[in-house]
Amino acid sequence: MTTVEEAVGRPDGATVRRARRVAVHTFRPRRSWPALIAAAVLLAVAALAATVVIAGLAGAPLRIPFFTAAADRLAGARLGDPGVQVASAVLVLIGLLLIGSALLPGRSGWTALRTDDPDLVVGVSRSALKRALAAAAREVGGVRGVRVSVRGRRVRVRVDSDLSGSPTLRDEVSDAVRRRLGELDPLRGMRVGTRVRFART
């Protein structure tokens, strides 16, 4: 069987780094909902302000109860007024939250796998990754049931065993899960934690 590395040749360090950046960028979750909500709010405010300004220039000012009362109050406000300072602080906080939401990655449903080729990006869904790791754990003798959770770069394996006790079962399961992770070769290393619940005697 021809591997990707054999097909394209052994990549150099710069190519490997570029491949890693491409994979991370490709599977980085997009903040679609915050962007959509912010865009909708800004569009609504801009449309309302444009309507009021155009109507005023045309000589037929609109009398929108809330908007007109707020405009009249703001016209007489001063920078040192407590209400203006509180409103400014709230707007600054909202702006910082929006910037943080845009810069910080959300939770991704995919795990990028290493290919060392910037033109080949491969990922596995979290549910498929959990199934693969659970299957690896079930191959260990004495394992009856497995539950796997993946959060960030941490894998937690909970095992139910028919055995009444085994000092090596936990390590065997951890090794099996690590071997399967090694075969998949995630772009970022993952830590494995295993808990075993033995049958009661």
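**Setting up.** I am working with a predicted model, in which local features need pLDDT of at least 70, side-chain atom pairs count only at pLDDT 80 or more, and totals for chains, interfaces and linings use all residues. Residues are numbered from 1 along each chain as its sequence is written, and side-chain values use heavy atoms, with hydrogens and water left out.

**Fold.** I looked up the secondary structure and found seven helices and five strands. These are DSSP runs numbered from the N terminus, with helices being H or I of at least four residues and strands being E of at least two. Read from the N terminus, the order is α-α-α-α-α-β-β-α-β-β-α-β.

**Burial.** I then asked how much of the protein is buried, and the answer is 22% of its 201 residues. My cut-offs are under 20% relative accessible area for buried, over 50% for exposed and partly exposed in between, with a 1.4 Å probe and protein chains only. The areas themselves come from the Shrake-Rupley method with a 1.4 Å probe, and for residues only the protein chains shown count as cover.

**Core.** Which residues touch the most other members of the largest nonpolar core? They are Val148, Val155, Val157, Val173 and Val177, out of 21 residues in that core. At least two core residues come from each of α6 (126-138), β3 (143-151), β4 and α7 (169-184). Helix α7 gives the most, with five residues. A core here is a set of buried Ala, Val, Leu, Ile, Met, Phe, Trp, Tyr and Cys residues joined through side-chain atoms within 4.5 Å. As general background, nonpolar side chains tend to be buried together in soluble globular proteins.

**Val146.** I checked this residue in strand β3. Val146 counts as buried because its relative accessible area is 12%.

**Salt bridges.** I found seven in the structure. The test is a side-chain nitrogen of Lys or Arg within 4 Å of a carboxyl oxygen of Asp or Glu.

- Glu139 pairs with Arg180, with the closest N and O atoms 3.5 Å apart. Glu139 sits in the loop between α6 and β3 and Arg180 in helix α7, so this bridge ties together parts 41 residues apart in sequence. Glu139 is exposed at 61% relative accessibility, and a network of salt bridges links Glu139, Arg180 and Glu183.
- Arg144 pairs with Asp162, where the closest N and O atoms are 2.8 Å apart. Arg144 is in strand β3 and Asp162 in the loop between β4 and α7, 18 residues apart. Both Arg144 and Asp162 are exposed.
- Arg197 pairs with Asp160, at 3.0 Å between the closest N and O atoms. This bridge links strand β5, which holds Arg197, to strand β4, which holds Asp160, across 37 residues.

**Positive patch.** I looked for clustered charge and found a positive surface patch of Arg20, Arg151, Arg153, Arg154, Arg156, Arg188, Arg191 and Arg195. Patch residues have over 30% relative accessible area and no salt bridge, with like charges joined within 9 Å and nonpolar side chains (Val, Leu, Ile, Met, Phe, Trp, Tyr) within 5 Å. Lys and Arg count as positive and Asp and Glu as negative, while His and the chain ends are not counted. Each charge is placed at NZ of Lys, CZ of Arg, CG of Asp or CD of Glu. Strands β4 (154-161) and β5 (191-198) each supply at least two residues of the patch. Arg156, in strand β4, is partly exposed at 44% relative accessible area.

**Nonpolar patch.** Trp33, Leu36, Ile37, Val41 and Val45 make a nonpolar surface patch of about 560 Å². Ile37 belongs to helix α3 (residues 32-57) and is exposed, with a relative accessible area of 52%.

Gly193 is in strand β5 and is partly exposed at 31% relative accessibility. Its C-alpha is 9.9 Å from that of Val148, 45 residues away along the chain. I also noted Asp185, a residue other than glycine with a positive phi, near 60°. Asp185 lies in the loop between α7 and β5 and is partly exposed at 30% relative accessibility.
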